[in-house]
Amino acid sequence: MAKLRITQTRSRSGATKRQIANLQSLGLHRVNQTVEVELNPVSKGMVEKVLHLVKVEEIN
């Protein structure tokens with residue numbers, strides 16, 4: 001299964017509670033932190049909600 005490399009590029013200051021919860025669920029806590037997660041419908045949905053705060057790369 002494919003993986004995603006997600007890097008938080010913008011501060012979560014000013015984000016909604018839902019967006020902050022999505023960042024925490026993805027494992028992102030500070031700017032420039034990078035995590036790798038499995039690509040599945042749940043993680044894809046969370047990433048779409050915070051796409052303006054993160055940079056996403058697909059890993060094979």
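Trainee: Where does Asn32 lie, and is Asn32 buried or exposed?
Mentor: Bear in mind that this is a predicted model. Asn32 sits in the loop that runs between α1 and β2, and its phi is near 70°, a positive value in a residue other than glycine. Because exposed means over 50% relative accessible area, and Asn32 has a relative accessible area of 61%, the word for Asn32 is exposed.

Trainee: Which elements each supply at least two residues of the largest nonpolar core?
Mentor: The largest nonpolar core has 13 residues, and those with the most contacts inside it include Ile6, Leu23, Leu26 and Val50. The elements that each supply at least two residues of this core are β1 (3-8), α1, β2 and α2 (41-49).

Trainee: Which residues does Leu26 touch, not counting residues up to four places away in sequence?
Mentor: Leu26 is one of the residues with the most contacts inside the largest nonpolar core, and Ile6 and Val50 are also among them. Once residues up to four places away in sequence are set aside, the residues that Leu26 touches are Ile6, Val35, Val37, Met46, Val47 and Val50.

Trainee: What is the relative accessible area of Ser43?
Mentor: Ser43 has its place in helix α2, and it touches Val37 and Glu38 when residues up to four places away in sequence are not counted. Ser43 is buried, because buried means under 20% and its relative accessible area is 5%.

Trainee: How many residues apart are Glu36 and Arg5?
Mentor: Glu36 forms a salt bridge with Arg5, in which the closest N and O atoms are 3.2 Å apart. The pair links distant parts of the chain, with Glu36 in strand β2 and Arg5 in strand β1, and the separation is 31 residues.

Trainee: How many salt bridges does the count come to?
Mentor: Besides the bridge between Glu36 and Arg5, Glu57 forms a salt bridge with Lys55, the closest N and O atoms being 3.9 Å apart. Glu57 counts as partly exposed at 32% relative accessibility, and Lys55 counts as partly exposed at 44%. The count of salt bridges comes to two.

How values were computed: Residues numbered from 1 in each chain as written. Predicted model: local features only at pLDDT ≥ 70, side-chain atom pairs only at ≥ 80, totals over all residues. Heavy atoms only, no water. Core = buried A, V, L, I, M, F, W, Y, C linked by side-chain atoms within 4.5 Å. Buried < 20%, exposed > 50% of the residue type's maximum accessible area, 1.4 Å probe, protein only. Helix = DSSP H or I, 4+ residues; strand = E, 2+ residues; numbered from the N terminus. Contact = heavy atoms within 4.5 Å. Salt bridge = Lys/Arg side-chain N within 4 Å of Asp/Glu carboxyl O.
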